[in-house]
Amino acid sequence: MPEPKDIILDVRDLKVTFDTPDGPVEAVKGIDLDVRAGETLAVVGESGSGKSQTMMGIMGLLAANGRVTGRAAYRGQDLIGLPIKALNAVRGAKITMIFQEPMSSLDPLYTIGRQICEPIVHHRGGSFRQARTRVLELLELVGIPDPKRRIDSYPHELSGGQRQRVMIAMALANDPDILIADEPTTALDVTIQAQILDLLQSLQTRFGMAVVLITHDLGVVRHVADRVVVMRRGEVVEQGLTTDIFERPQADYTKMLLDAEPRGEKPPVPTSAPILLDGQSVSVDYATGGGLFYKRSGTFRAVDKVSIRLRQGQTIGVVGESGSGKSTLGRALLQLVPASGVIRFDGQDISGFDRKAMRPLRREMQLVFQDPFGSLSPRQTVGEIITEGLYVHEPELSRADRDKRAIEALKEVGLDPQARNRYPHEFSGGQRQRIAIARAMILKPRLVILDEPTSALDRSVQGQVIDLLRSLQDAHGLSYVFISHDLAVIKAMADYVIVMKDGVIVEEGETETLFAAPRQAYTQTLLSAAYTAV
Amino acid sequence: MLSFVFRRLASAVPTLFIVVTISFFLMRFAPGGPFNLERPLSPQTMANLNKAYGLDLPLWQQYLRYLGNVVRGDFGPSYIYRDNTVDQLIGMGLPYSIELGLWALGVALVGGVAAGTFAALRQNSFLDVAIMTLSTVGVTVPNFVVGPVLTLVFAVTLSWLPAGGWGDGSLRYLILPMIALALPQLAVFARLTRGAMIEALHTDHIRTARAYGLPARTVVVTHAMRAAMLPVVSYLAPCAAALLTGSAVIETLFTIPGVGRFFVLGAINRDYTLVMGTVVLIAVFVIVFNLVVDILYGLLDPRVRHE
């Protein structure tokens with residue numbers, strides 16, 4: 001165990017309160033934690049646990065209606081209630097931060113070079129011109145290619161991973177003692193995530209700073225953290241060494257979190273099972289450029305000759321990073337975007353079907369989206385939302401019949417039937433995703449395309465949705481196309497996996513085989529980048 | 001960049017054509033004519049006058065003739081100011097309107113942006129409420145009320161400033177009309193700035209700037225204000241065009257020999273050519289300022305920079 005003198009940030013009885021129209025809300029309820037020199041401390045929790053607000057409170061970055069009390073001593077100097085000038089001498093020099101959204105965290109109106117210069121000039125003096133040499137060094141250090149050219153780029157000209165590298169360069173500029181990383185990789189693709197975490201680790205070893213990693217991702221924590229603080233509803237549930245927390249968790253909540261990592265697997269369907277959906281060399285082209293006065297400058301092939309064969313009761317997982325074409329493939333299979341190639345549903349060639357011809361088939365082919373809030377109309381009751389499809393596909397039903405079906409569907413997805421008189425905003429993320437699933441299930445479909453259905457949910461809620469999808473599949477013999485960037489979820493849900501990159505299939509095979517022995521380099525990178533319990 | 005400017009100027013031609021065409025026919029379909037006076041003229045005189053000005057020709061011929069003249073920059077003779085052409089009238093009045101308008105624009109922009117910024121930084125404070133209340137008053141009270149009140153207080157009662165006229169063109173003569181002209185625009189700029197500033201102050205990159213210990217002045221001026229200027233700049237085009245082409249009300253109240261009066265006088269008297277001349281003038285100003293604003297926008301925001 002490190003000596004207490006190693007403690008560089010000592011947080012005692014820290015409270016964060018927000019004044020709301022409904023009275024004060026305590027987001028952080030008097031927590032204790034400490035950060036030691038050179039360590040990686042992970043602060044873990046689900047949304048609403050107060051993990052980010054703790055750090056915002058310490059750094060004096062709360063929203064205007066937020067208040068912080070207690071003590072947060074950085075090398076003996078209490079940061080809480082410190083005059084702004086003294087606090088500004090610490091922020092950005094001794095303690096620096098990087099954030100989840102590398103796009104919006106950088107000012108879109110200034111070049112990255114100028115933005116990295118700012119804290120250097122402010123804390124160390126000198127001119128922007130002098131700081132420029134240091135910025136070039138930093139960009140080199142964080143692995144930005146061709147720093148001399150990139151230094152004058154604007155944030156929108158960089159990729160997400162590069163922007164996060166720029167943030168890291170900014171964070172390192174003044175040789176900080178502590179780097180607070182608030183969900184630094186959540187918005188990034190998994191291979192980029194791995195690169196950023198590796199970069200952070202190597203820089204940490206080199207410069208000996210402490211890293212406070214705020215995250216919901218236990219896979220990442222296990223991979224990089226020395227110690228872990230588990231938070232829930234504004235309180236610290238448990239803290240200790242990473243190995244202890246993972247091997248011998250004490251608190252029930254920690255056990256539940258660890259258990260919430262997607263588990264289980266799906267046995268392959270027999271080859272005798274009938275083929276439900278058969279897509280042969282499906283391609284989707286988008287026109288690029290173009291406008292009222294300009295000619296179209298070309299086409300972009302989002303999906304390139306992908307063939308997919310889905311049997312009754314089967315789940316095909318489609319894995320890929322952003323831009324791989326996986327979501328477009330899902331839409332193409334449902335004829336929601338114009339595609340070339342041949343698509344057969346239940347033996348019938350549906351390629352080239354227009355909207356009218358597709359309509360009778362729609363009830364059998366349903367789609368569930370990632371964002372359960374964005375896909376539910378806020379002005380309709382849950383009952384209206386889930387029965388809407390019945391008006392189209394079973395117009396003969398009476399009002400009472402529809403209501404009966406709504407009750408059945410809600411029960412089936414594990415919601416109280418009373419929910420049908422309420423509105424989507426009254427439900428949590430997980431409940432809203434259940435509503436979206438109920439809307440699909442009420443039509444008794446045979447094929448459901450699930451587009452990142454669990455990606456916006458906390459891990460513990462994710463597990464419940466996965467269990468629900470599995471039991472629905474067993475009960476009704478459903479076939480799923482499960483689109484996700486999350487390998488752990490795919491491994492638990494799918495019996496067959498397709499790996500996509502840049503619109504083409506890189507590799508495919510039965511889940512067990514593919515995860516055990518990936519043949520393609522890209523699949524190997526993808527798998528090794530996912531720190532989850534794979 | 002240069003090709004962008006040329007493309008935009010080229011697209012101004014059809015816009016101007018449409019403006020000229022619509023206003024030409026609108027004007028002609030309005031009842032009455034330039035020679036319908038209170039005491040009717042004899043039919044013979046009327047016919048002579050119409051013939052002299054070409055008003056006896058079929059409408060389409062008049063239209064084509066007018067169009068041809070406009071292309072050559074000739075807006076024709078005025079019907080009420082018989083000794084002058086429309087070109088001469090505008091040429092005489094425009095410098096006054098532009099000078100007054102530029103002052104008003106400067107006052108509105110600087111005052112509005114400053115007031116809006118302070119209000120945003122002290123959101124929901126007394127200062128904020130006071131500024132916003134005043135700006136509501138500024139937008140809602142018409143300038144034909146503000147003008148006389150200013151004259152009454154500062155010219156008639158206090159005798160600090162002249163009540164009207166251009167005099168020797170010194171600033172003393174400009175202050176009252178400038179304030180009356182600027183006030184509603186200042187109020188609009190204040191409201192726009194306040195809203196945009198509040199939004200800008202809540203963005204993630206402002207949080208970053210604060211997290212890196214940058215002093216409040218840098219955070220506000222360098223990062224928040226530049227972003228907040230984008231909607232303000234957008235409003236600059238219609239505002240500048242309106243202010244620089246003169247205000248009929250203000251110029252009449254303060255007896256300033258600008259071009260603002262011509263539009264109303266021309267319309268009332270069915271002075272076809274004078275109305276058309278001022279319409280084209282305003283349209284050209286709007287087009288030019290829109291172009292200026294687009295270029296400014298590109299300078300402020302690299303994401304919309306033109307190739």
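Visitor: Which hand does the crossing of H4(B) and H7(B) have?

Guide: A crossing is left-handed if the near helix is turned anticlockwise from the far one by less than a right angle, and right-handed if clockwise. The crossing of H4(B) and H7(B) is right-handed. This is a predicted model: local features need pLDDT of at least 70, side-chain atom pairs count only at pLDDT 80 or more, and totals for chains, interfaces and linings use all residues. Residues are numbered from 1 along each chain as its sequence is written, chains are lettered from A and ligands numbered from 1 in the order in which they are written.

Visitor: At what angle do the axes of H4(B) and H7(B) cross?

Guide: Axes are lines fitted to C-alpha atoms, for helices over the stretch in contact; angles run from 0 to 180 degrees between N-to-C directions. Helices (H or I, at least four residues) and strands (E, at least two) are DSSP runs, numbered from the N terminus. Here H4 (residues 86-121) and H7 (residues 171-201) of chain B cross at roughly 35°, with axes that come within 5 Å. Their contact has 23 nonpolar, six polar and two charged residues. Ala, Val, Leu, Ile, Met, Phe, Trp, Tyr, Cys and Pro count as nonpolar, Asp, Glu, Lys and Arg as charged, and the others, Gly among them, as polar.

Visitor: What is the strand order in the open sheet of chain A?

Guide: Two strands pair if DSSP finds at least two bridges between them. The six strands run S6-S7-S8-S3-S9-S10, with mixed pairing. S6 (95-98) and S10 (235-241) of chain A are the edges, each pairing on one side only. From one strand to the next, the twist averages 15°. S6(A) and S7(A) (residues 178-182) run parallel, joined by four bridges. Thr96(A) stands opposite Leu179(A).

Visitor: How many residues of chain B are in contact with chain A?

Guide: Contact means C-beta atoms, placed from the backbone, within 7 Å. By that rule, 18 residues of chain B meet 25 of chain A. On the chain B side, H8 (204-211) and H9 (216-244) each give two or more residues. H8(B) gives the largest share, six residues.

Visitor: Why does Ala248(B) count as partly exposed?

Guide: A residue is buried if 20 or more other C-beta atoms lie within 10 Å of its own, exposed if 12 or fewer, and partly exposed in between. Ala248(B) has 18 such neighbours, so it counts as partly exposed. Ala248(B) belongs to H10 (residues 248-253) of chain B. Beyond four places in sequence, its contacts include Gly260(B) and Phe263(B).

Conventions:
Two residues are in contact if their C-beta atoms, placed from the backbone, lie within 7 Å.
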